[in-house]
Amino acid sequence: MSSTQENIEQAIQRATRPTPQGPSTRAVHAGVERRKAYSALNTPIVQSATFTFKDTADLCDFMDAKLYGGHTDREEYGRYGNPSVWAVEERLAALDGAEDAALYSSGMGAVTSLLLTVLKAGQHIVMTDDCYRRTRQFCRVFLAKFDIETSVVPMGDYEAMEAAIIPERTRFIISETPTNPYLRVADLQKIVDIAKRHRVLTLIDSTFASPINLRPYEWGIDFVLHSATKYLGGHNDVLAGVICGEAGRIKALKDSRGMLGGVVDPQAAFLIERGIKTLGIRVQQQNATALKVARFLESHPKIDRVYYPGLPSHPDHEIAVRQMSGFGGVVSFEVAGDLQTTSEFIDRCRIPYIAPSLGGVESLIEQPALVSFYELSTAERMAVGIRDNLVRFAVGIEDADDIIRDLDSALAGIPDRKLEREWEHRFRD
Ligand SMILES: *Cc1c(COP(=O)(O)O)cnc(C)c1O
């Protein structure tokens with residue numbers, strides 16, 4: 001074929017390119033075509049720390065291409081890139097509707113590398129208060145060492161968010177949606193409007209939503225973070241993190257990753273790619289089960305309060321309906337009782353494992369007072385907004401009826417506080 005003919009064919013192909021596929025199709029197919037090797041269906045695990053050159057001319061061609069922007073489809077050393085990692089990055093970018101993605105060894109590796117890459121001494125961050133605890137710690141304590149200050153504003157207060165911006169100094173607005181543990185939903189349109197007015201960058205930690213339920217990049221958010229350890233991996237067997245965004249910015253992140261070193265191992269990349277293939281059906285089932293669980297708990301007399309954005313009782317229900325296509329697999333609730341009663345309820349559950357994390361196929365349950373806030377007293381926990389009777393339930397892919405039966409029988413086994421109150425009342429008279 002002559003090159004003109006080729007150009008025409010390419011132009012036709014571009015013009016007739018199908019409209020973007022749905023998320024489940026992208027989860028299975030996006031990004032792999034270029035990586036096929038040995039006619040294998042799956043992306044090979046290229047378990048190699050370094051990559052070889054045929055001869056010196058081959059090496060020089062590569063160096064020229066790298067330095068002067070020519071075409072290269074290979075790597076030189078594992079810290080700078082790996083074909084098993086590229087495959088996952090392409091798929092994640094496609095899933096989030098972004099141009100490119102950078103994969104890291106953990107969610108924290110991703111967020112810390114991003115902030116260290118973009119921020120300079122003297123700059124300032126505005127962050128919402130319900131953010132992941134370690135991210136908040138990194139900003140408030142670690143970045144403070146480099147003269148980078150962080151202002152924390154209440155989630156849902158967009159006037160406070162805008163007022164916290166310091167002209168010339170604020171570089172980033174950081175938020176999360178839905179949040180942990182109260183599943184607050186950030187209004188992305190409002191955040192993007194504020195950021196545009198003040199020319200600051202935006203980062204959304206979208207781990208709890210997954211790209212199936214929400215794609216913040218499509219709302220105009222600059223950087224989207226996922227702890228791939230959760231829904232993307234989906235099997236509680238691998239740690240990884242990803243930042244999605246515009247191609248030039250992600251290239252800068254990949255460059256800094258070669259220096260900061262938070263690279264993901266090819267074996268881990270394979271596990272993420274394998275996990276992502278079933279992301280669509282897993283998340284849809286988790287959405288459906290979590291909604292059933294939330295409704296069941298809300299109607300149960302031994303439950304004080306349920307936090308789930310899919311319930312009309314949730315403060316951000318209206319935003320969630322407008323912005324998300326599902327409400328996620330995490331339900332938080334308060335048991336009618338104290339720290340001990342709540343622990344007793346958890347210990348009576350037979351299906352969920354007691355463990356931190358979420359988004360995997362196994363249901364997990366935890367009492368935040370005893371996991372993230374163990375060292376605090378009840379009063380101190382109240383001050384940071386964590387009640388002793390709070391439970392976070394991350395549904396897996398077990399049958400919803402089994403999960404609900406399990407919660408029901410665990411609740412049947414704990415004292416009925418309403419009955420106790422009635423008795424106290426009678427005996428007092
Ligand atoms: C787990 C989690 C992180 C951290 O991710 P790792 O993969 O554990 O480093 C960040 N943000 C949220 C919302 C998380 O749930």
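Colleague: Which exposed residues does helix 17 carry on the face turned away from its buried side?

Modeller: Asp401, Arg405 and Ala412 are the exposed ones on that face of helix 17. Buried means under 20% relative accessible area, exposed over 50%, and partly exposed in between, with a 1.4 Å probe and protein chains only. Helices (H or I, at least four residues) and strands (E, at least two) are DSSP runs, numbered from the N terminus.

Colleague: Before we go on, what sort of model is this?

Modeller: It's a predicted model, where local features need pLDDT of at least 70 and side-chain atom pairs count only at pLDDT 80 or more, while totals for chains, interfaces and linings use all residues. Residues are numbered from 1 along each chain as its sequence is written, and side-chain values use heavy atoms, with hydrogens and water left out.

Colleague: OK, back to helix 17. Which of its residues are buried?

Modeller: Ala400, Ile403, Ile404, Asp406, Leu407, Ala410 and Leu411. They cover an arc of only 160° around the axis, so they sit on the same side of helix 17. That arc is taken from the directions from the helix axis to the C-beta atoms.

Colleague: And what covers them?

Modeller: The cover includes helix 12 (279-298), strand 8 (303-307), helix 14 (339-348) and strand 12 (390-394). Contact here means heavy atoms within 4.5 Å.

Colleague: What span should helix 17 have at 1.5 Å a residue?

Modeller: Its 13 residues (400-412) should span 18 Å, and the end C-alpha atoms are 18 Å apart, which agrees. The expected span is 1.5 Å times one less than the number of residues.

Colleague: New topic: how many salt bridges does a search of the whole structure find?

Modeller: It finds 21. Each is a side-chain nitrogen of Lys or Arg within 4 Å of a carboxyl oxygen of Asp or Glu.

Colleague: Give me one. What does lysine 254 pair with?

Modeller: Lysine 254 meets glutamate 89 in a salt bridge, at 3.4 Å from N to O. Lysine 254 lies in helix 10 and glutamate 89 in helix 4 (residues 83-96), so the pair ties together parts 165 residues apart in sequence.

Colleague: What about glutamate 334 and arginine 387, how do their side chains meet?

Modeller: In a salt bridge too, at 3.2 Å from N to O. That pair links distant parts of the chain, 53 residues apart: glutamate 334 is in strand 9 (residues 330-335), and arginine 387 is in the loop between helix 16 (378-383) and strand 12. Glutamate 334 is buried at 4% relative accessible area, whereas arginine 387 is partly exposed at 35%.

Colleague: And aspartate 388, which residue does it bridge to?

Modeller: Arginine 381, with the closest N and O atoms 2.7 Å apart. Both aspartate 388 and arginine 381 are buried. Elsewhere, salt bridges that share partners join Glu89, Asp100, Lys254 and Arg257 into one network.

Colleague: Let's do the surface. Which residues form the nonpolar patch that includes Leu260?

Modeller: Leu116, Phe142, Phe146, Met259 and Leu260, with about 490 Å² of accessible area together. Patch members have over 30% relative accessible area and no salt bridge; nonpolar side chains (Val, Leu, Ile, Met, Phe, Trp, Tyr) are joined within 5 Å, and like charges within 9 Å. The areas come from the Shrake-Rupley method with a 1.4 Å probe, and for residues only the protein chains shown count as cover.

Colleague: Where does leucine 260 sit?

Modeller: Leucine 260 is in helix 10 (residues 247-260), and at 43% relative accessibility it counts as partly exposed.

Colleague: Now serine 210, buried or exposed?

Modeller: Buried, at 1% relative accessibility. Serine 210 lies in helix 9 (residues 210-213) and touches His226, Tyr231 and Val283, leaving out residues up to four places away in sequence.

Colleague: Last one: which residues of helix 3 are buried?

Modeller: Asp58, Phe62 and Ala65. Their arc is only 65° around the axis, which puts them on the same side of helix 3. The face turned away from that buried side carries the exposed Thr56, Leu67 and Tyr68.
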